[in-house]
Every structure is written in structure tokens, then in C-alpha cells.
Amino acid sequence: MELTLSIIKPDGVRRNLVGKIFSQIEESGLRIAATRMIHLSRREAEQFYAVHKERPFYGELVESMTTGPVVVSVLEGANAIARYRDLMGATDPKKAAAGTIRATHAVSIGENTVHGSDAVDTAKHEVGFFFAGTEIVNRAK
Ligand code: ATP
Ligand code: MG
């Protein structure tokens, strides 16, 4: 069983899409193993997205992630990382496949509603970033 980190970004929480996105996640067979709602500080958003520090959109990304609360979750399943990336769809919602979370809900590449870890090492790091010292309470038996 693999774990991955999901974030429902401020644009998704603001537009009351938490339940719809959780439904898409659960209907895909992934398990919500832990979850909570938080409002990221600028410093936390900067740290979380530090890998993108040199990219031209970094400032805008950090800014948009702090505009309101987010829902951070740990998802569990076989191949959870790749499966959640598939379920999210392409970064640019115009290129996202029909039925994916981003095709259904995202506004733009900047406000693309969800984040998901992209590899085993980043998933480990990102789950630790938000859930270190927290029990992942809803693991599959
Ligand atoms: P995420 O990491 O959020 O799951 P991703 O892996 O599909 O998305 P990345 O390349 O890691 O995409 O970019 C991180 C985030 O930065 C994207 O989700 C998007 O919100 C933002 N972003 C990426 N490219 C651009 C861009 N050209 N203009 C504005 N924002 C961008
Ligand atoms: Mg990414």
C-alpha cells in the first residue's frame, strides 16, 4: 500500500468543492487515510513549494496557496501516487482529460484546485511535512 499527499487548494475550498472532490477520490478506490483543514502561512507555502523557487510562477503560487484554507489529506492505495495524478488530470485544466478533478473543477493553471505528490520520495517528504507526529488514523487493515 502506497501513501500520497493531496491538497485541495484555496480555490477548491472557497468554491465549496471539498465534498465533490472527496467523492471523486473515494469513488476512484483511493482511501482517505488522514485529513485536516489548515490555513497555510506564507512561510509554510514557501517551504512546501521550495522545489519551484526558481520558477517564474513561484511568487504567484505561494500567494495563491495562502489566500484561504486548504484541505490536506493522506491518500492510501496500491500505486496511490500515480493513480491520484491520473485522477487530478494535467496541470493545465485545458489539457486535462475529461472526468478528472482538474477538467471538472479547475479554473486555470494557477488555480488548478488540487495538488498531488509526484514520486515516492516527494510523497514521503510531503506526507511528513503536514502529518509528522500525527497518527495516520484511517489506514486500510
Ligand atoms: P502540483 O504540484 O500542484 O500537484 P503539478 O505537479 O501538476 O501540480 P507542478 O509543475 O509541480 O505541477 O507545478 C506546481 C503548481 O504550480 C501547479 O499545480 C500550478 O498551480 C502552478 N503552476 C505550474 N505551472 C504554472 C504556470 N506556468 N503558471 C502559473 N502557475 C503554474
Ligand atoms: Mg508538482
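Start by selecting the shell around ligand 1: its residues divide into four nonpolar, six polar and five charged (Ala, Val, Leu, Ile, Met, Phe, Trp, Tyr, Cys and Pro count as nonpolar, Asp, Glu, Lys and Arg as charged, and the others, Gly among them, as polar). This is a predicted model, in which local features need pLDDT of at least 70 and side-chain atom pairs pLDDT 80 or more, while totals for chains, interfaces and linings use all residues. Residues are numbered from 1 along each chain as its sequence is written, chains are lettered from A and ligands numbered from 1 in the order in which they are written, and side-chain values use heavy atoms, without hydrogens or water.

Stay with the shell. Ligand 1 is surrounded by 15 residues, the closest being Lys9, Thr91, Ile109, Asn112 and His115 (a residue counts if one of its heavy atoms lies within 4 Å). Colour α4 and β4 next, since each supplies at least two residues here (helices are DSSP runs of H or I, at least four residues, and strands runs of E, at least two, numbered from the N terminus).

Now show side chains. For Tyr49, a polar side-chain atom lies 3.5 Å from a ligand 1 oxygen.

Finally, display the largest pocket, where ligand 1 sits (more than half of its atoms lie within 2 Å of the grid points). Its volume is about 630 Å³, the space filled by probe spheres set on the points. A pocket is an open set of points on a 1 Å grid over the protein atoms alone where a 1.4 Å probe fits, with protein on both sides within 12 Å along at least five of seven lines.

Methods. On a 1 Å grid over the protein atoms alone, a cavity is a set of points where a 1.4 Å probe fits but cannot get out, and a pocket is an open set with protein on both sides within 12 Å along at least five of seven lines; lining residues have an atom within 4 Å of a point. A polar contact is a pair of N or O atoms within 3.5 Å; within protein, one must be able to donate a hydrogen and the other to accept it, and residues adjacent in sequence count only if both atoms are side-chain atoms.
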